[in-house]
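Colleague: I have a new model on my screen and would like to learn how to read it. Could you walk me through it, feature by feature?

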Amino acid sequence: MSLKEQIANDNQNLLFNFDEFAKSANINGVEITVIEDNEQLSKYIKEGLCQGNILLYAKLESFPKTPISGSIILYNNRKYEVDNCIEEDNILTISLKRFKGL
């Protein structure tokens with residue numbers, strides 16, 4: 001097994017494990033597995049890398065289309081604006097900020 005395959009396997013079996021870090025969340029009406037990371041969010045805010053209220057990790061395959069900055073999503077039945085979204089090794093890191101529009 002290559003290193004890349006091992007990392008992908010670890011992401012599937014360890015990182016997104018409900019007994020460890022993961023939880024179920026409703027995004028745009030679909031239940032998916034996510035990890036919320038408030039500690040990393042605080043670091044990103046201090047470093048000026050994002051302005052979000054929620055930082056989450058999700059599998060790329062959980063989304064029909066990768067969220068883009070400025071788009072609106074429903075996260076657990078509340079509207080949020082995507083502050084930032086980065087894909088690395090089939091994992092999305094998504095920063096969400098409360099939607100203040102109409």
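Modeller: Happy to! Let's begin with burial: of the 102 residues in the protein chain, 32% count as buried. Keep in mind from the start that this is a predicted model.

Colleague: Then how should I read the confidence, and where is it lowest and highest?

Modeller: Look at the average, then go element by element. The mean pLDDT of the protein chain is 86, and 84% of the residues reach 70 or more. Helix α1, residues 3–15, has the lowest confidence with a mean of 66, while β4 has the highest at 96.

Colleague: Good to know. In what order do the elements of the protein chain run?

Modeller: Read from the N terminus, the order is α-β-β-α-β-β-β-β. That comes to two helices and six strands.

Colleague: Which strands pair with β2, and in what sense?

Modeller: For pairing, follow the bridges from strand to strand. β1 and β2 are antiparallel, with five bridges; in that pair, I27 stands opposite V30 of β2. β2 also pairs with β3 in the antiparallel sense, over three bridges. There, I35 has Y57 of β3 as its bridge partner.

Colleague: Let's go inside. Which residues touch the most other members of the largest nonpolar core?

Modeller: To read a core, ask who belongs to it and which elements supply the members. The largest nonpolar core has 16 residues, and I27, V34, L56, F63, Y75, I94 and L96 touch the most other members. The strands β1, β2, β3, β4, β5 and β6 each supply at least two residues of this core. There is also a second, separate core of seven residues, including I35, C50, Y57 and I91.

Colleague: Which residues does I94 touch, leaving aside those up to four places away in sequence?

Modeller: I94 touches I54, L55, L56, F63, P67, V82, N84 and C85. For the chain as a whole, take the contacts with a separation of 6 or more: residues 24 or more positions apart account for 42% of them.

Colleague: One more, please. Where is D37, and what does its side chain reach?

Modeller: D37 is in the loop between β2 and α2. Its side chain reaches the backbone nitrogen of Q40 at 3.0 Å, and also makes a polar contact with the side chain of Y57 at 3.4 Å. Setting aside residues up to four places away in sequence, D37 touches L55 and Y57. D37 and S95 are 58 residues apart along the chain, and their C-alpha atoms are separated by 10.0 Å.

Note on methods: Residues are numbered from 1 along each chain as its sequence is written. This is a predicted model: local features need pLDDT of at least 70, side-chain atom pairs count only at pLDDT 80 or more; totals for chains, interfaces and linings use all residues. Side-chain values use heavy atoms; hydrogens and water are left out. Helices (H or I, at least four residues) and strands (E, at least two) are DSSP runs, numbered from the N terminus. Buried means under 20% relative accessible area, exposed over 50%, partly exposed in between (1.4 Å probe, protein chains only). Contact means heavy atoms within 4.5 Å. A nonpolar core is a set of buried Ala, Val, Leu, Ile, Met, Phe, Trp, Tyr and Cys residues joined through side-chain atoms within 4.5 Å. pLDDT is the predictor's confidence in each residue, from 0 to 100. A polar contact is a pair of N or O atoms within 3.5 Å; within protein, one must be able to donate a hydrogen and the other to accept it, and residues adjacent in sequence count only if both atoms are side-chain atoms. Two strands pair if DSSP finds at least two bridges between them.
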